[in-house]
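Okay, thanks everyone, let's get going.

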Amino acid sequence: MQLYAPNWTHVTEFVMVGFAGVHETRLFFFTLFLTMYLFTLLENLAIIMVVILDHRLRRPMYFFLTHLSCLEIGYTSVTVPKMLTGFIGGEGGKNISYVGCLSQLFIFTFLGATECFLLAAMAYDRYVAICMPLRYGALVSWGTCIRLAGACWLVGFLTPMLPIYLMSQLTFCGSNVIDHFFCDASPLLALSCSDVTLKETTDFLVSLAVLLASSVVIAVSYSNIVWTLLHIRSAAERRKAFSTCTAHLTVVSLFYGTLFFMYVRTKVASSINFNKVVSVFYSIVTPMLNPLIYSLRNKEVKGALRRAISLKSWKGQ
(Lines give C-alpha, C1' and ligand atoms only; values in the text may rest on other atoms or scores of the structure.)
Protein backbone atom coordinates (compact mmCIF):
# COMPACT_ATOMS: atom_id res chain seq x y z
CA MET A 1 0.00 0.00 0.00
CA GLN A 2 1.41 3.40 -0.99
CA LEU A 3 0.69 6.62 0.83
CA TYR A 4 0.64 9.95 -0.98
CA ALA A 5 0.46 13.58 0.05
CA PRO A 6 0.08 16.49 -2.38
CA ASN A 7 3.13 18.38 -1.08
CA TRP A 8 5.60 15.43 -1.41
CA THR A 9 8.36 15.66 -3.99
CA HIS A 10 9.24 12.35 -5.55
CA VAL A 11 12.94 11.51 -5.47
CA THR A 12 14.83 11.19 -8.77
CA GLU A 13 18.31 11.33 -7.27
CA PHE A 14 19.93 10.15 -4.06
CA VAL A 15 22.81 11.57 -2.04
CA MET A 16 25.06 8.99 -0.36
CA VAL A 17 26.42 10.30 2.94
CA GLY A 18 29.17 7.68 3.02
CA PHE A 19 31.52 8.29 5.94
CA ALA A 20 30.36 11.77 6.90
CA GLY A 21 32.12 11.67 10.27
CA VAL A 22 35.61 11.49 8.71
CA HIS A 23 35.53 14.78 6.82
CA GLU A 24 38.82 16.03 8.28
CA THR A 25 40.60 12.76 7.45
CA ARG A 26 38.88 12.10 4.13
CA LEU A 27 42.18 12.16 2.19
CA PHE A 28 43.57 9.46 4.46
CA PHE A 29 40.52 7.25 3.95
CA PHE A 30 40.51 7.99 0.22
CA THR A 31 44.13 6.84 -0.01
CA LEU A 32 43.45 3.81 2.19
CA PHE A 33 40.44 2.58 0.22
CA LEU A 34 42.06 3.38 -3.14
CA THR A 35 45.12 1.35 -2.15
CA MET A 36 42.96 -1.55 -1.00
CA TYR A 37 40.93 -1.40 -4.23
CA LEU A 38 43.99 -1.36 -6.50
CA PHE A 39 45.58 -4.14 -4.46
CA THR A 40 42.39 -6.21 -4.83
CA LEU A 41 42.39 -5.71 -8.60
CA LEU A 42 46.09 -6.60 -8.87
CA GLU A 43 45.78 -9.74 -6.72
CA ASN A 44 42.75 -11.13 -8.49
CA LEU A 45 44.05 -10.33 -11.97
CA ALA A 46 47.32 -12.04 -11.02
CA ILE A 47 45.47 -15.21 -10.00
CA ILE A 48 43.41 -15.20 -13.21
CA MET A 49 46.52 -14.77 -15.38
CA VAL A 50 48.53 -17.40 -13.49
CA VAL A 51 45.76 -20.01 -13.79
CA ILE A 52 45.34 -19.27 -17.50
CA LEU A 53 49.08 -19.36 -18.27
CA ASP A 54 50.27 -22.20 -16.03
CA HIS A 55 49.21 -25.59 -17.42
CA ARG A 56 49.72 -27.20 -13.98
CA LEU A 57 46.72 -25.24 -12.69
CA ARG A 58 44.33 -26.22 -15.46
CA ARG A 59 42.15 -28.21 -13.12
CA PRO A 60 38.54 -27.76 -11.93
CA MET A 61 39.50 -26.27 -8.57
CA TYR A 62 41.44 -23.46 -10.23
CA PHE A 63 38.81 -23.03 -12.93
CA PHE A 64 36.36 -22.12 -10.16
CA LEU A 65 39.02 -19.94 -8.53
CA THR A 66 39.27 -17.77 -11.65
CA HIS A 67 35.50 -17.26 -11.54
CA LEU A 68 35.79 -16.30 -7.88
CA SER A 69 38.48 -13.74 -8.76
CA CYS A 70 36.26 -12.28 -11.49
CA LEU A 71 33.46 -11.95 -8.94
CA GLU A 72 35.75 -10.22 -6.44
CA ILE A 73 36.82 -7.68 -9.08
CA GLY A 74 33.19 -6.93 -9.96
CA TYR A 75 32.08 -6.95 -6.33
CA THR A 76 34.48 -4.17 -5.36
CA SER A 77 34.25 -2.24 -8.64
CA VAL A 78 30.51 -1.75 -8.31
CA THR A 79 30.86 0.09 -4.97
CA VAL A 80 34.39 1.39 -4.31
CA PRO A 81 34.88 3.83 -7.26
CA LYS A 82 31.65 5.66 -6.40
CA MET A 83 32.62 5.70 -2.73
CA LEU A 84 36.02 7.20 -3.63
CA THR A 85 34.41 10.02 -5.63
CA GLY A 86 32.38 10.82 -2.53
CA PHE A 87 35.61 11.51 -0.62
CA ILE A 88 37.13 13.95 -3.12
CA GLY A 89 34.40 14.84 -5.63
CA GLY A 90 32.64 17.43 -3.50
CA GLU A 91 28.88 17.34 -3.07
CA GLY A 92 28.32 16.23 -6.67
CA GLY A 93 30.49 13.16 -6.15
CA LYS A 94 27.99 11.82 -3.61
CA ASN A 95 24.98 12.02 -5.93
CA ILE A 96 23.58 9.01 -7.76
CA SER A 97 20.48 8.82 -9.93
CA TYR A 98 17.47 6.71 -8.99
CA VAL A 99 18.16 4.32 -11.89
CA GLY A 100 21.88 4.25 -11.07
CA CYS A 101 21.11 3.42 -7.45
CA LEU A 102 18.83 0.50 -8.31
CA SER A 103 21.34 -0.70 -10.91
CA GLN A 104 24.13 -0.67 -8.33
CA LEU A 105 21.96 -2.61 -5.88
CA PHE A 106 21.02 -5.13 -8.58
CA ILE A 107 24.63 -5.78 -9.66
CA PHE A 108 25.88 -5.96 -6.07
CA THR A 109 23.17 -8.48 -5.11
CA PHE A 110 23.70 -10.46 -8.31
CA LEU A 111 27.45 -10.81 -7.69
CA GLY A 112 26.99 -11.58 -4.01
CA ALA A 113 24.46 -14.35 -4.72
CA THR A 114 26.67 -15.75 -7.49
CA GLU A 115 29.59 -15.92 -5.07
CA CYS A 116 27.46 -17.89 -2.58
CA PHE A 117 26.62 -20.49 -5.23
CA LEU A 118 30.17 -20.57 -6.57
CA LEU A 119 31.59 -21.28 -3.11
CA ALA A 120 29.08 -24.13 -2.85
CA ALA A 121 30.28 -25.50 -6.22
CA MET A 122 33.86 -25.30 -4.99
CA ALA A 123 32.89 -27.24 -1.85
CA TYR A 124 31.33 -29.95 -4.03
CA ASP A 125 34.55 -30.12 -6.05
CA ARG A 126 36.58 -30.71 -2.86
CA TYR A 127 34.05 -33.30 -1.65
CA VAL A 128 34.36 -35.37 -4.82
CA ALA A 129 38.16 -34.99 -4.91
CA ILE A 130 38.59 -36.28 -1.35
CA CYS A 131 35.66 -38.64 -0.88
CA MET A 132 35.46 -40.15 -4.38
CA PRO A 133 38.89 -39.66 -5.95
CA LEU A 134 38.52 -42.57 -8.39
CA ARG A 135 35.36 -41.02 -9.85
CA TYR A 136 36.62 -37.43 -9.79
CA GLY A 137 37.36 -37.26 -13.52
CA ALA A 138 33.87 -38.49 -14.40
CA LEU A 139 31.89 -36.48 -11.83
CA VAL A 140 33.81 -33.21 -12.18
CA SER A 141 34.58 -33.16 -15.90
CA TRP A 142 35.22 -29.92 -17.75
CA GLY A 143 31.66 -30.06 -19.09
CA THR A 144 30.33 -30.37 -15.54
CA CYS A 145 32.51 -27.46 -14.39
CA ILE A 146 31.25 -25.21 -17.17
CA ARG A 147 27.64 -26.12 -16.44
CA LEU A 148 28.11 -25.58 -12.70
CA ALA A 149 29.77 -22.20 -13.20
CA GLY A 150 27.10 -21.17 -15.71
CA ALA A 151 24.34 -22.21 -13.29
CA CYS A 152 25.96 -20.15 -10.51
CA TRP A 153 26.03 -17.03 -12.69
CA LEU A 154 22.49 -17.60 -13.99
CA VAL A 155 20.85 -18.24 -10.61
CA GLY A 156 22.85 -15.35 -9.15
CA PHE A 157 21.52 -13.07 -11.91
CA LEU A 158 17.92 -14.17 -11.27
CA THR A 159 18.19 -13.70 -7.49
CA PRO A 160 17.74 -9.89 -7.35
CA MET A 161 14.99 -9.77 -10.01
CA LEU A 162 11.99 -9.83 -7.65
CA PRO A 163 13.59 -7.73 -4.86
CA ILE A 164 14.64 -5.00 -7.32
CA TYR A 165 11.23 -5.05 -9.01
CA LEU A 166 9.53 -4.55 -5.64
CA MET A 167 12.01 -1.79 -4.79
CA SER A 168 11.14 -0.02 -8.05
CA GLN A 169 7.45 -0.06 -7.04
CA LEU A 170 8.11 1.87 -3.83
CA THR A 171 7.64 5.61 -3.62
CA PHE A 172 10.56 7.71 -2.41
CA CYS A 173 9.70 11.21 -1.29
CA GLY A 174 11.02 13.78 1.10
CA SER A 175 14.58 13.00 2.16
CA ASN A 176 16.91 11.58 -0.51
CA VAL A 177 19.94 11.14 1.74
CA ILE A 178 21.22 7.55 1.97
CA ASP A 179 23.21 7.03 5.15
CA HIS A 180 25.60 4.55 3.52
CA PHE A 181 28.47 4.47 1.02
CA PHE A 182 26.51 2.49 -1.58
CA CYS A 183 22.87 1.76 -2.43
CA ASP A 184 22.12 -1.06 -0.04
CA ALA A 185 18.56 -2.25 0.52
CA SER A 186 18.21 -1.40 4.20
CA PRO A 187 19.03 2.36 4.02
CA LEU A 188 16.89 2.66 0.88
CA LEU A 189 13.89 1.12 2.62
CA ALA A 190 14.33 3.60 5.45
CA LEU A 191 13.73 6.44 2.93
CA SER A 192 10.58 5.02 1.38
CA CYS A 193 7.21 6.56 2.17
CA SER A 194 5.43 3.36 1.04
CA ASP A 195 4.56 0.31 3.07
CA VAL A 196 7.78 -1.73 2.92
CA THR A 197 6.46 -4.86 4.64
CA LEU A 198 6.25 -6.95 1.46
CA LYS A 199 9.63 -5.76 0.23
CA GLU A 200 11.29 -6.37 3.58
CA THR A 201 9.81 -9.86 3.86
CA THR A 202 10.82 -10.72 0.29
CA ASP A 203 14.39 -9.55 0.92
CA PHE A 204 14.57 -11.67 4.02
CA LEU A 205 13.21 -14.80 2.30
CA VAL A 206 15.36 -14.43 -0.82
CA SER A 207 18.50 -13.82 1.26
CA LEU A 208 17.67 -16.74 3.52
CA ALA A 209 17.02 -19.04 0.54
CA VAL A 210 20.34 -18.15 -1.12
CA LEU A 211 22.34 -18.48 2.07
CA LEU A 212 20.68 -21.69 3.24
CA ALA A 213 20.77 -23.43 -0.16
CA SER A 214 24.46 -22.72 -0.65
CA SER A 215 25.49 -23.25 2.97
CA VAL A 216 23.69 -26.62 3.12
CA VAL A 217 25.73 -27.81 0.11
CA ILE A 218 28.90 -26.59 1.81
CA ALA A 219 27.99 -28.12 5.18
CA VAL A 220 27.08 -31.51 3.67
CA SER A 221 30.24 -31.52 1.54
CA TYR A 222 32.51 -30.79 4.49
CA SER A 223 30.68 -33.22 6.77
CA ASN A 224 31.45 -35.97 4.27
CA ILE A 225 35.03 -34.73 3.91
CA VAL A 226 35.58 -34.86 7.68
CA TRP A 227 33.99 -38.34 7.85
CA THR A 228 36.30 -39.54 5.08
CA LEU A 229 39.39 -37.99 6.69
CA LEU A 230 38.63 -39.68 10.01
CA HIS A 231 38.87 -43.03 8.25
CA ILE A 232 42.29 -42.30 6.77
CA ARG A 233 44.88 -44.04 8.96
CA SER A 234 47.89 -41.95 8.00
CA ALA A 235 48.05 -38.58 9.76
CA ALA A 236 50.25 -37.23 6.97
CA GLU A 237 47.68 -38.19 4.33
CA ARG A 238 44.90 -36.61 6.39
CA ARG A 239 46.83 -33.34 6.63
CA LYS A 240 47.63 -33.43 2.92
CA ALA A 241 43.98 -34.02 1.97
CA PHE A 242 42.62 -31.38 4.33
CA SER A 243 45.25 -28.82 3.24
CA THR A 244 43.46 -28.59 -0.12
CA CYS A 245 40.34 -27.37 1.72
CA THR A 246 41.72 -24.90 4.25
CA ALA A 247 41.83 -21.90 1.91
CA HIS A 248 38.27 -22.47 0.70
CA LEU A 249 37.02 -23.05 4.25
CA THR A 250 38.64 -19.80 5.43
CA VAL A 251 37.08 -17.82 2.57
CA VAL A 252 33.66 -19.39 3.27
CA SER A 253 33.89 -18.50 6.97
CA LEU A 254 34.72 -14.85 6.22
CA PHE A 255 32.12 -14.40 3.51
CA TYR A 256 29.18 -16.24 5.06
CA GLY A 257 29.81 -14.93 8.54
CA THR A 258 29.32 -11.31 7.48
CA LEU A 259 26.47 -12.06 5.08
CA PHE A 260 24.46 -14.00 7.66
CA PHE A 261 24.89 -11.11 10.05
CA MET A 262 23.97 -8.38 7.55
CA TYR A 263 21.11 -9.77 5.49
CA VAL A 264 19.21 -12.40 7.45
CA ARG A 265 17.32 -9.86 9.51
CA THR A 266 14.04 -8.08 9.10
CA LYS A 267 14.54 -4.73 10.81
CA VAL A 268 15.20 -1.76 8.53
CA ALA A 269 16.63 0.32 11.31
CA SER A 270 19.70 -0.91 13.14
CA SER A 271 23.10 0.48 14.00
CA ILE A 272 23.90 2.31 10.75
CA ASN A 273 27.53 3.02 11.58
CA PHE A 274 28.15 -0.59 12.59
CA ASN A 275 26.48 -1.76 9.38
CA LYS A 276 28.87 0.44 7.41
CA VAL A 277 31.85 -1.16 9.10
CA VAL A 278 30.55 -4.65 8.36
CA SER A 279 29.77 -3.60 4.77
CA VAL A 280 33.35 -2.38 4.33
CA PHE A 281 34.54 -5.74 5.58
CA TYR A 282 32.58 -7.91 3.13
CA SER A 283 32.66 -5.54 0.14
CA ILE A 284 36.29 -4.35 0.35
CA VAL A 285 38.36 -6.25 2.92
CA THR A 286 37.18 -9.79 2.09
CA PRO A 287 37.79 -9.49 -1.69
CA MET A 288 41.28 -8.22 -0.87
CA LEU A 289 42.00 -11.06 1.57
CA ASN A 290 40.66 -13.93 -0.52
CA PRO A 291 43.49 -13.99 -3.11
CA LEU A 292 46.03 -13.77 -0.27
CA ILE A 293 44.36 -16.70 1.48
CA TYR A 294 44.42 -18.82 -1.66
CA SER A 295 47.99 -17.88 -2.57
CA LEU A 296 49.44 -18.28 0.93
CA ARG A 297 47.59 -21.49 1.85
CA ASN A 298 47.95 -23.25 -1.50
CA LYS A 299 51.36 -24.59 -2.50
CA GLU A 300 50.42 -24.97 -6.17
CA VAL A 301 49.28 -21.34 -6.48
CA LYS A 302 52.38 -20.13 -4.62
CA GLY A 303 54.56 -22.20 -6.92
CA ALA A 304 52.83 -20.87 -10.04
CA LEU A 305 53.22 -17.29 -8.83
CA ARG A 306 56.92 -17.87 -8.13
CA ARG A 307 57.42 -19.37 -11.57
CA ALA A 308 55.61 -16.45 -13.21
CA ILE A 309 57.73 -13.90 -11.29
CA SER A 310 60.94 -15.80 -12.03
CA LEU A 311 60.08 -16.02 -15.74
CA LYS A 312 59.33 -12.30 -15.86
CA SER A 313 62.62 -11.50 -14.08
CA TRP A 314 64.56 -13.82 -16.42
CA LYS A 315 63.02 -12.21 -19.52
CA GLY A 316 63.81 -8.77 -18.14
CA GLN A 317 67.52 -9.52 -17.87
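Predicted model: local features only at pLDDT ≥ 70, side-chain atom pairs only at ≥ 80, totals over all residues.

As background, side chains of opposite charge can pair when their charged atoms come close.

Let me start with the pair inside a helix. Asp203 and Lys199 form a salt bridge, with N to O at 2.4 Å. Both of them sit in helix α9, which covers residues 197-230. They are 4 residues apart there, and that's about one turn of the helix. Now, buried or exposed? Lys199 counts as buried, at 3% relative accessibility. Asp203 is buried too, because its relative accessible area is 14% and the cut-off for buried is under 20%.

Next up, Arg126 and Asp125. Their side chains meet in a salt bridge as well, and here N to O is 3.0 Å. As for accessibility, Arg126 is buried and so is Asp125.

Last one: Asp54 with Arg56. That salt bridge has N to O at 3.5 Å, and the definition asks for within 4 Å, so the pair counts. What about burial for these two? Asp54 is buried, with 8% relative accessible area. Arg56, on the other hand, comes out at 45%, so we call this one partly exposed.

So, to recap: the helix α9 pair is Asp203 and Lys199, then there's Arg126 with Asp125, and finally Asp54 with Arg56. That's it from me, happy to chat.

Notes
Residues numbered from 1 in each chain as written. Heavy atoms only, no water. Buried < 20%, exposed > 50% of the residue type's maximum accessible area, 1.4 Å probe, protein only. Helix = DSSP H or I, 4+ residues; strand = E, 2+ residues; numbered from the N terminus.
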